Amino acid sequence: MTDEEVLAEFRAAGALLEGHFILSSGRRSANYLQCARVLMNAERAGRLARAVVQKLPRELRQDIDLVVSPAMGGLIIGHEIGRALDKDAVFLERPEGTFELRRGFAITPGQKVLMVEDVVTTGLSSRQAIEAVEAEGGIVIAEAALVDRSAGEVELGVPFYPLVSINFPVYDADQVPPELAAIPAIKPGSRKQ
């Protein structure tokens with residue numbers, strides 16, 4: 001899939017939003033990609049997951065033992081990437097603010113893990129999820145995502161394979177341009193701050 005084909009999927013799903021958004025990082029943006037909307041159609045979610053898997057080097061695909069994703073955002077795309085790879089997919093939750101495995105999920109020490117996210121902006125959630133997997137004895141060999149909002153700047157400590165890289169401007173809360181500040185800010189993501 002080309003970048004434009006990926007964005008066309010977001011537009012078709014009404015998932016490319018414009019306004020004043022508070023991102024999970026606390027930073028602000030005039031654009032938001034609502035991955036839950038693009039993934040609500042199972043056929044589209046599967047198509048996007050297969051496109052992500054095609055971006056992964058063949059040798060890497062062969063090494064993956066388990067797909068892990070942070071809930072909520074990474075849950076659907078992680079599941080679909082697991083299906084595309086024919087691997088089990090589990091997810092991490094934050095019941096008390098720190099990622100952990102629940103629901104009887106386990107990682108066998110030494111298991112090679114592909115971390116999967118929907119959108120990566122600063123990489124903080126990804127790094128925290130990677131730490132949680134490593135604390136369980138897993139080895140995160142790469143991360144895949146639908147969208148890299150960092151324009152290739154994010155550092156996760158593992159190879160990173162986004163389906164599309166987008167460079168929407170983001171601002172610190174006290175640096176928002178006047179035209180954006182004039183619009184009420186909303187927080188569309190799943191994480192409260």
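Start by selecting M72, which sits in the loop between β3 (66-70) and α5 (75-85). Keep in mind as you go that this is a predicted model.

Move on to D86, in the loop between α5 and β4. Show the surface here and you will find D86 exposed, with a relative accessible area of 70%.

Now select R103, in the loop between β5 and β6. R103 also has a positive phi of about 60 degrees without being a glycine. R103 is exposed, with a relative accessible area of 61%. Display its side chain together with that of E93: the two meet in a salt bridge, 2.8 Å from N to O. Because R103 lies in the loop between β5 and β6 and E93 in strand β4, this pair ties together parts that are 10 residues apart in sequence. Is E93 buried or exposed? E93 is buried, at a relative accessible area of 12%.

**Two aromatic pairs**

Stay in this part of the chain and select F91 and F105. They make up one of the 2 aromatic pairs in the structure. The ring centres of F91 and F105 are 5.1 Å apart and the planes stand at 80 degrees, so the pair is edge-to-face. F91 belongs to strand β4 (residues 89-93), while F105 is in the loop between β5 (100-101) and β6 (112-120), so the pair ties together parts 14 residues apart in sequence. Colour by accessibility and F91 counts as buried at 15%, whereas F105 counts as partly exposed at 26%.

For another aromatic pair, jump back to F21 and Y32. Their ring centres are 5.6 Å apart with the planes at 35 degrees, so this pair is tilted. F21 is in strand β1 (residues 16-22) and Y32 in strand β2 (residues 28-33), so parts 11 residues apart in sequence are tied together here. Both F21 and Y32 are buried.

Select E117, found in strand β6.

**Last stop: salt bridges**

Side chains of opposite charge can pair when their charged atoms come close. The structure holds 7 salt bridges, and you have already visited the one between R103 and E93. Select E4 and R11 for another: their closest N and O atoms are 2.9 Å apart. E4 is partly exposed, with a relative accessible area of 48%, and R11 counts as partly exposed at 45%. Then pick E43 and R50, whose side chains meet in a salt bridge at 3.6 Å, N to O. R50 counts as partly exposed, at 43% relative accessibility. Finish by selecting E9, R44 and R47 together, which are linked in a network of salt bridges.

Key: Residues are numbered from 1 along each chain as its sequence is written. Side-chain values use heavy atoms; hydrogens and water are left out. Rings of Phe, Tyr and Trp (its six-membered ring) pair if their centres lie within 6.5 Å; planes under 30 degrees apart count as stacked, over 60 as edge-to-face and the rest as tilted. Helices (H or I, at least four residues) and strands (E, at least two) are DSSP runs, numbered from the N terminus. Buried means under 20% relative accessible area, exposed over 50%, partly exposed in between (1.4 Å probe, protein chains only). A salt bridge is a side-chain nitrogen of Lys or Arg within 4 Å of a carboxyl oxygen of Asp or Glu.
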